[in-house]
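Work through the exercises below with the model open. Try each task before reading its solution.

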Amino acid sequence: MADEDLDLSDVGEVEDEPGEEIESAPPLAVGQEKEINSSGLKKKLLQVGTRWETPENGDEVTVHYTGTLLDGTKFDSSRDRGEPFTFKLGQGQVIKGWDQGIVTMKKGERALFTIPPELAYGSSGMPPTIPPNATLQFDVELLSWTNIVDVCKDGGILKRIISQGEKYERPKDPDEVTVKYEANLEDGTLVAKSPEEGVEFYVNDGHFCPAIAKAVKTMKRGESVILTIKPTYAFGERGKDAEEGFAAIPPNATITTSLELVSFKAVKEVTEDKKVIKKILKEADGYDKPSDGTVVQIRYTAKLQDGTIFEKKGYEGEEPFQFVVDEEQVIAGLDKAVETMKTGEIALITIEPEYGFGNIETQRDLAVIPPNSTLIYEVEMVSFTKEKESWDMDTTEKIEASKQKKEQGNSLFKVGKYQQAAKKYDKAAKYIEHDSSISAEEKKQSKVLKVSCNLNHAACCLKLKDFKEAVKLCSKKGEGEPMEVEKPTEN
């Protein structure tokens with residue numbers, strides 16, 4: 001059967017259970033042979049492949065092969081036919097020895113597989129060319145493969161990757177994506193197509209049919225795929241009426257869709273109540289972000305929902321706008337959002353009234369903000385300078401920094417800003433919480449200061465009706481007699 005295509009899926013009756021499938025094999029040198037699973041499947045490396053990736057079950061692989069009996073009798077060869085063989089791994093389309101062996105190969109690799117009858121055609125053989133209980137040898141070269149992903153793990157959306165995307169990030173439900181797509185029935189009839197520039201939508205809003213949003217969450221920027229969409233994830237029993245330029249989708253129709261993820265903008269929930277939302281317009285490298293007390297420099301344009309610009313800072317030759325994070329120098333929503341940004345990042349921040357100017361009419365530089373307005377800030381993080389961290393300070397510096405934070409807390413307490421004051425006292429105490437290399441005099445100063453900060457923090461908690469935390473802080477006063485400490489006073 002050298003000139004005929006052997007039916008590699010006809011395994012006949014297999015008396016014993018096949019061995020386990022494997023995902024990788026021990027590394028081999030050219031000419032080396034090893035058993036690669038407990039069922040007796042052997043692999044001898046004939047030619048090293050490229051890169052490190054190997055195909056997975058479900059992938060569509062293309063190979064050249066020659067099959068022989070142990071005595072050298074050739075019974076099949078794609079090379080003789082001049083036509084490579086393509087099939088899907090792990091789907092029962094070929095004998096089990098192939099499924100288990102080819103998943104260990106890299107692109108361009110060539111290997112000789114010795115396959116016991118239990119993983120080939122068993123006790124039945126394949127007359128007249130393959131006798132019963134025959135051990136077979138296949139010289140296989142893996143030419144290429146296409147990743148096939150079962151998106152929902154139920155066969156409803158199969159994704160064939162045509163072009164790999166960039167980096168590793170994939171869109172999430174809140175994110176805004178831009179895609180290009182073309183959808184056809186199985187006979188090629190066009191039923192939908194995006195504009196040339198693509199279409200934008202939020203993933204959790206979906207677009208066209210449920211499969212698009214589900215598939216796009218598995219894709220990287222620039223990735224192109226072909227989707228095979230079963231009716232469950234398309235238009236089901238109802239189908240879809242024809243639209244201008246596109247045919248109708250019949251009930252229970254399977255749709256083939258080419259889909260490209262052009263780009264996406266990550267959308268982050270800055271606050272737990274989702275009332276401050278950040279959409280990243282330009283990503284930035286690195287990991288460092290501002291924290292409490294950081295001096296930041298930003299440019300921004302601030303608008304109402306109708307597009308009215310009410311403030312603009314840092315443009316047209318103006319120096320970037322500078323403020324200190326968590327010092328209430330800007331509205332709460334902007335303060336919180338900036339803490340999530342990296343240098344060079346540009347983001348669109350949507351701030352609901354609770355984190356903006358509330359129910360008060362407010363005059364700003366360029367316009368009046370009506371009560372209960374939702375605000376939109378486009379912000380660029382130009383730079384920021386963090387406070388010196390405690391681990392970079394010596395003991396004297398820690399004590400001085402603690403005193404400064406305590407004084408800031410006192411000032412806030414006096415004007416009734418108890419939440420902000422509590423943060424200052426907490427940070428002040430942490431500066432001097434642990435220090436092993438400390439003199440007796442410094443230890444005395446630190447103890448007095450720490451007790452003072454904890455008690456003042458407790459006073460804030462009482463004002464905020466957090467009695468449990470107040471008791472906990474009071475218990476940190478230390479050993480011995482209670483000390484007389486300065487207490488914050490209100491105006």
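The exercises that follow concern a predicted model.

**Exercise 1.** Find how many residues helix 6 has, and compare its reach with the expected one.

Solution. Helix 6 runs over residues 418-431, which gives 14 residues. From the first C-alpha to the last, helix 6 reaches 20 Å. The expected value at 1.5 Å a residue is 20 Å, and the helix is close to it.

**Exercise 2.** List the buried residues of helix 6, and name elements that cover them.

Solution. Start with the residues: Tyr418, Gln420, Ala421, Ala422, Lys424, Tyr425, Ala428, Ala429 and Tyr431 are buried. Next, look at what lies over them. The cover includes helix 5 (395-414) and helix 7 (440-463).

**Exercise 3.** Describe how helix 5 and helix 6 pack: state the angle and the distance between axes, then the relative direction and the handedness of the crossing.

Solution. The angle is about 165°, and the axes are 8 Å apart. An angle over 145 degrees counts as roughly antiparallel, so helix 5 is roughly antiparallel to helix 6. Helix 5 passes helix 6 in a left-handed crossing. By class, their contact holds nine nonpolar, five polar and five charged residues. On the side of helix 5, the residues that meet helix 6 include Lys398, Ala401, Leu412 and Phe413. Among their counterparts in helix 6 are Tyr418, Lys424, Tyr425 and Tyr431.

**Exercise 4.** Examine the backbone at Pro128, Phe208 and Asp326.

Solution. Take the peptide bond from Pro127 to Pro128: omega is near 5°, and the bond is cis. Pro128 lies in the loop between strand 6 (110-115) and strand 7 (136-146). For Phe208, phi is near 65°, a positive value in a residue other than glycine. Phe208 is in the loop between strand 12 (199-202) and helix 3 (210-216). Asp326, also not a glycine, has a positive phi near 65°. The loop between strand 19 (321-324) and helix 4 (332-338) contains Asp326. With 8% relative accessibility, Asp326 counts as buried.

Technical notes. Residues numbered from 1 in each chain as written. Predicted model: local features only at pLDDT ≥ 70, side-chain atom pairs only at ≥ 80, totals over all residues. Heavy atoms only, no water. Helix = DSSP H or I, 4+ residues; strand = E, 2+ residues; numbered from the N terminus. Expected span 1.5 Å × (residues − 1). Buried < 20%, exposed > 50% of the residue type's maximum accessible area, 1.4 Å probe, protein only. Contact = heavy atoms within 4.5 Å. Axes fitted to C-alpha atoms, helices over the stretch in contact; angles between N-to-C directions. Parallel < 35°, antiparallel > 145°, perpendicular 65-115°, else oblique. Left-handed = near helix turned anticlockwise from the far one by under 90°. Nonpolar A, V, L, I, M, F, W, Y, C, P; charged D, E, K, R; others polar.
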